[in-house]
Amino acid sequence: MIPNPNIPEVSIPSVIQNIPLQHYLILSTLLFVIGIIGVLTRRNAIIIFMSVELMLNAANLLLIAFSSYRSDPSGQVFVFFIMAVAAAEVAVGLAIIVMIYRNTRNTDIGFLNKLKW
Amino acid sequence: MNSTVSFFYFLSFLTILSAVMVVVSRNPIHSVLYLILAFFTLSGHYILLNAQFLAAVNIIVYAGAIMVLFLFVIMFLNMKQDNEEAKTNIAKIAATIVGGTVFVILFGAYRKSAIPAFNPENFDSQVGMIENLGHILFREYLLPFELASILLLVAMVGAVMLGKREIGERHF
Amino acid sequence: MSASLLILIPLLPLIGFLINGIGFKTIPKGAVGIIGTLAVVASFVISVMTFNDFVASGSQPLVVPLFEWITVGDLRIPFSFQIDQLSLLMLMIITGVGSLIHIYSIGYMHHDEGFGKFFAYLNLFLFFMLLLVLGSNYVIMFIGWEGVGLCSYLLIGFWNKNTNYNNTARKAFIMNRVGDLGFLLGIFTIIATFGSVEYTEVFAQASSFSLEDPVIVTICLFLFIGAMGKSAQIPLYTWLPDAMAGPTPVSALIHAATMVTAGIYMVIRSNVLYSLAPSALEIVGIIGGLTAIFAASIGLLQNDIKKVLAYSTVSQLGYMFMGLGAMAYSASMFHVITHAFFKALLFLGAGSVIHAMSDEQDIRNMGGLRKKLPITFITFLIATIAIAGIPPFAGFFSKDEILAHVFEHNKLLWVIGVIGSLMTSFYMFRLLFLTFFGNFRGTHEQEHHLHESPASMTIPLVILAVLSAVGGFIGVPEALHGSHHLAEFMSPLYDAARQANPAGFEPTTLSHSEEYLLMGVSVAVALISAVVAYVMYVQKASVPAPDSAEKSGLQRLVYNKYYVDELYDNVFVKSTKTLSNILYSFGEFFIDLFVNAAVRLTSFSAKMLRKTQTGSTGDYVFAMVLGIVAILFWKLLL
Amino acid sequence: MYPIVLLSFFGIVTLFLGFSKSKNILLPATLLFLIIALAGNFLEWNKGPLLYFYDMLRVDNVTLAFNGIILLSAFMIFAISGGFQDNPDSEPAEYFGLMLFSLVGALMMVGFQHLIMLFIGVEILSVAMYVLTGSNKRNLRSNEAALKYFLMGAFATGFMLFGITLLYGATGSFKLEQIQGFASNMQVGSESYILYAGLLLLLIGMLFKVSAAPFHFWTPDVYEGAPTIFTTFMSTVVKTAGFAALFRLLSGSFTGVYGFWWIVIAAIAVLTLLVGNIGATSQNSFKRMLAYSGISHAGYLLIALTALSKPSQNAIIFYSLAYSLSTICAFGVLMLVSKEKTIGGQPNEYYDAFNGLAKQNPLLAFVLTVSMLSLAGIPLTAGFWGKFFIFTSAAERGIIWITVIAVLMSTVGIYYYFRVIISSYLKEGDLVKIRVAPFYKVILVLATFLTILFGLAPGIFEGLI
């Protein structure tokens, strides 16, 4: 870490001082679980996919929280990569959904059960 | 209670609320909009945590690019809320219970272990700044950074290959 | 004794297999037979040379390392051969009897279109069998073990490309896999306990274990499960009678003389372990005894000439295990040797009969063959006397030695053994009389076709007959003022075991007069049975009822004769018959139940499992999350 | 290190080659690329453990051995693809490019020292596989498989990521070495349950990728729906990479908490064995059976992970190699045979497609037989030694009970593996002589030869690793 003389030393953010890390853990776990519930309850492939995005963001939030509390930048760099990965997944995922829509006029996963047993 | 703390709770509440709305909205477009709202609140959290760069990237990449892609596809496919056949209520309740169990278990695990607190002695408030991240990203993380470009290339090739219209295929 | 010479013993059959296997379409028939046979005879010659060298150089066991084979962590498995008394004896049996059976097959299989393939398989079988007995560790033994199993199925199915094959093969497969499972688990327990699979190292370490150590008992029981599968003991025996579907030389070589004795070989090879686990030996003895009497009683009623011999083999194997149970390792080995002679002879004789009868196997349709097939008859007679245990033929000495040891060990088992011996004598003489005495009962065409087999088939018969007659003299008991060459020769094998469990190796406490008595009893029951069989099947010329006729037909036939007959019939014949029938159906029923239950259970759970694969992503995800919840709950909260 | 760089570059070159008019150049070019990558891989042989880019990547002989298996499998699969010449709808340049890129991901998973490398590697591999699964665009089954794979894969990624996050939270690092340091220094009574939760979630994500039960549900459907050539790729390359990653993760970071996780892996291994073997018995489609067989082999490999004893490493390497060779043979023959007769426009992938194979195509029948024997674990094939080493590793840890179950299940395995042998040798069928391209034949024979060679002399690698 290279200290930058131009920027005045910012004091420790008040969130970090006042909110225990535990709260971030709970918040992001809640987000994660909401994502899981979304995947389990919805049948529209796009909504399911958005729920997965929620799960990824839960991880992002927690990573940044950990990173800030520990003042270790590697967690934030990891988030950067997660965003890249999410972008890639979204591109491919939506392409698959579009492809299926072309063939079946539907994005409901309930109709996709030709392959079974 | 100081203002940042109450702001934290407000943001958290908003985050959870919009996340729940993403899952329960009948209309996919509403879902997308709630998700965008969730991303904005998350960016708020990032700013509170002094991760300004990621807060900006989150808005630009997630809310700006990824969600627009979602929105685009949804409108493209002309999805309406009645397109989806609802799952039975039992399935929904079961899913919620199972999800809740996951939360309870994880919560129990957190309770059992010591959470590392911040260390005021050697706290560095600059970690989330762009210079700092840039230095790390292009030094220690150079290899994964370069290889992430392979990932994006794969996604690009794949998306084009799957998404492009074949001769004789209808547009939509 | 050079390593290069030693390696030739298994290598020659392998070369024979490769030549015949690759070129069986192009090589002329004559050459195929010569190549196949020559490979085995040459390896027999080398075995004899090795044997002589071994004796000349002071009978020191030695391990001939060939190459470093595998290293897994701390476990080192070299590819090496072990030459000692046991492996040499097995070598002699396998290559010796193997050679004779190859020669026989030239004549027997002459008209078969799969002649080349047949010889290739036989050679491959011998290769694996030699590997099994030569290897110096359990892993090589296991390779041979599985290899002979594979060849056995190839040869059982040699003529059966039809529907029946599936069921037979499935049964045989499951039984042998259960056995192999036991063997494999035994090997892994050995690895876990001793960190080695080399015989020398394992046995050296085992000596330091105390008597009845649970680990050793476990290993012994696991290994015995393997032996049960391969040597057809209760409850894994039913595959052997089914295996008779293969060509007769195969039955003689694999299912009588060599492969099925692999289980006995393994137990003798592991004698140190077994001596340390008397309770495991007790189980071995009991299973052996039960199998002996059980199979013998089933043999009483069979009408297929090969089926009789098959059940007889199962029963004789039971005797061997009974002997092992009494720690009479040498006596069991002795029986392995003599049994190899006379049972191979019986099968080959049966083959000769079948050959002459144009593939007829039902003894009800034979009779009076002794005039048409004099050589076959005489040799078959010798073999029958030998198996019945009538002195001075080979079977008497070996069986009697086993029974003497069993008597000392457990009187009840001895009684079972004697009853089994009574039955053995009866069904063998019944077989002999029904086949070779009385009038011919087959079709006219068959009668016209009757002929003695060619020289290539009769010469092996004669050689085996001589061996069956005099083979017993390698182990004349002291009571008969002979010297037990075999026991002396094998004695060094048990040095380690003797140290570990001295009580088991104490010299016999039986007085000579007691021994005479025991011998007298077994000879007497054998003779009585022979006479009874003679009365029934020669004097009265009764023939077992055809399958279709009701049993009362026979009864009526008997009723018209003497009153004594009726009594005899009621008391002995009918009761044994009922017993035999019950045992047969009961035993087979349970075995089938076991096999079928296993199959049913699998297919039932497969059906259930199929239902979980609903094809719906939602269900899959839900199941996944349930799994995750279960794991997290188990490991994080519990 | 070299193959990662080379393959990234070659992948781009391959995409550009797609612009050329002549599609014939693609196959030889990619095969050449793979040979160069293989050669580059073994340049670093015995150079000792090398760490690259601030400890991102570790190159030692274990890495190189796994890389070798992956590249060799890829070479064989590329070769039997025949350059996708027979399908006019195909886009060979894209397929080859994606496969080359996915190999980069696989190699990252093999050599990672930092969780970001694992994560990116898994994603490259998975994203490429999602696309290739759906590459048969107008086929509904292919579409369905792609969507199933994608949705469930993304879901599993979520768990994996959350696991990584918790691990980071507990230990403060993504580096294997530092996680190891933290995990081995935990005091009894004050263990970090956050670390445990993270470990479990990360394991769940990885176990999904190697199709261990109860995360296997996607496998049969996806394997069946995907074009066979990509199924082959998934069941060899992806599985090998997945196990290499799991092995590196567990042996590199979590030996200190072995007591915590071994029973989880053991339970999953048993469940996987049961599901894979029993599920395979009720299948009528050979391809779907191979999918279940893939699940069951994951179960065997998990046993080696459960033990994580000295021989485990070699056992996993040997088993992966044996399994890959046999699987390639099996799918290779399936591709040839299934084309002969179609059912409603679909290739016939049922068992009865093999009826009477031996009569006109003795070579194919032989190749198929050897591969089935090897998968079933019959001695004198490579598969037997793979199983033997794995069981040995469990025995050295003193875990015998799991071996009992595994050996029992391998008995069940014989039933379904032998079904196709019986079909091809004993059943009557009117299969004509199948024309096989010479190169195709060479690959099949080579794989068969190696299977037998390793079966006869499994010690051939001894001392290498």
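What radius of gyration does chain B have, and what would a compact globule of 172 residues have? Select chain B to start: its radius of gyration is 21 Å, whereas a compact globule with that residue count would come in near 16 Å. Keep in mind as you click around that this is a predicted model.

**Stop 1: chain B by itself**

Colour chain B by secondary structure and you'll find 6 helices and 0 strands. Walking from the N terminus, the order reads α-α-α-α-α-α. Along the principal axes, the C-alpha atoms take up a box of roughly 65 × 45 × 30 Å. Colour by burial next: 38% of the 172 residues count as buried. As for contacts in chain B between residues at least 6 apart in sequence, 54% link residues at least 24 apart.

**Stop 2: the annotated stretches of chain B**

Now select residues 6-24, 31-49, 55-77, 89-110 and 141-162 of chain B, which UniProt lists as "transmembrane region" in an unreviewed entry. Zoom in on two of them. Residues 89-110 of chain B are 100% helix and 0% strand, with end C-alpha atoms 31 Å apart. Residues 141-162 of chain B are 95% helix and 0% strand, and their end C-alpha atoms also lie 31 Å apart.

**Stop 3: where chain B meets chain A**

Bring chain A into view. Here 74 residues of chain B are in contact with 73 residues of chain A. On the chain B side, at least two residues each come from helix 1 (3-24), helix 2 (28-48), helix 3 (52-76), helix 4 (89-112), helix 5 (130-139) and helix 6 (142-163). Colour that side by residue class and you get 51 nonpolar, 16 polar and 7 charged residues.

**Stop 4**

Select residues 69-119 of chain C. An unreviewed UniProt entry places "domain: NADH-Ubiquinone oxidoreductase (complex I) chain 5 N-terminal" there. The span is 57% helix and 25% strand, and its end C-alpha atoms sit 30 Å apart.

**Stop 5: chain D**

Finish on chain D, with its 18 helices and 4 strands. The C-alpha trace spans about 70 × 50 × 45 Å along its principal axes. Buried residues account for 68% of the 465 in chain D. Of its contacts with a separation of 6 or more, 78% are between residues 24 or more positions apart.

Note on methods: Residues are numbered from 1 along each chain as its sequence is written. Chains are lettered from A and ligands numbered from 1 in the order in which they are written. This is a predicted model: local features need pLDDT of at least 70, side-chain atom pairs count only at pLDDT 80 or more; totals for chains, interfaces and linings use all residues. Two residues are in contact if their C-beta atoms, placed from the backbone, lie within 7 Å. Ala, Val, Leu, Ile, Met, Phe, Trp, Tyr, Cys and Pro count as nonpolar, Asp, Glu, Lys and Arg as charged, and the others, Gly among them, as polar. UniProt positions are given in the numbering used here, feature names are shortened, and annotations may be inferred rather than shown by experiment. A residue is buried if 20 or more other C-beta atoms lie within 10 Å of its own, exposed if 12 or fewer, and partly exposed in between; C-beta atoms are placed from the backbone. The radius of gyration is taken over C-alpha atoms; the globule rule is 2.2 Å times the number of residues to the power 0.38.
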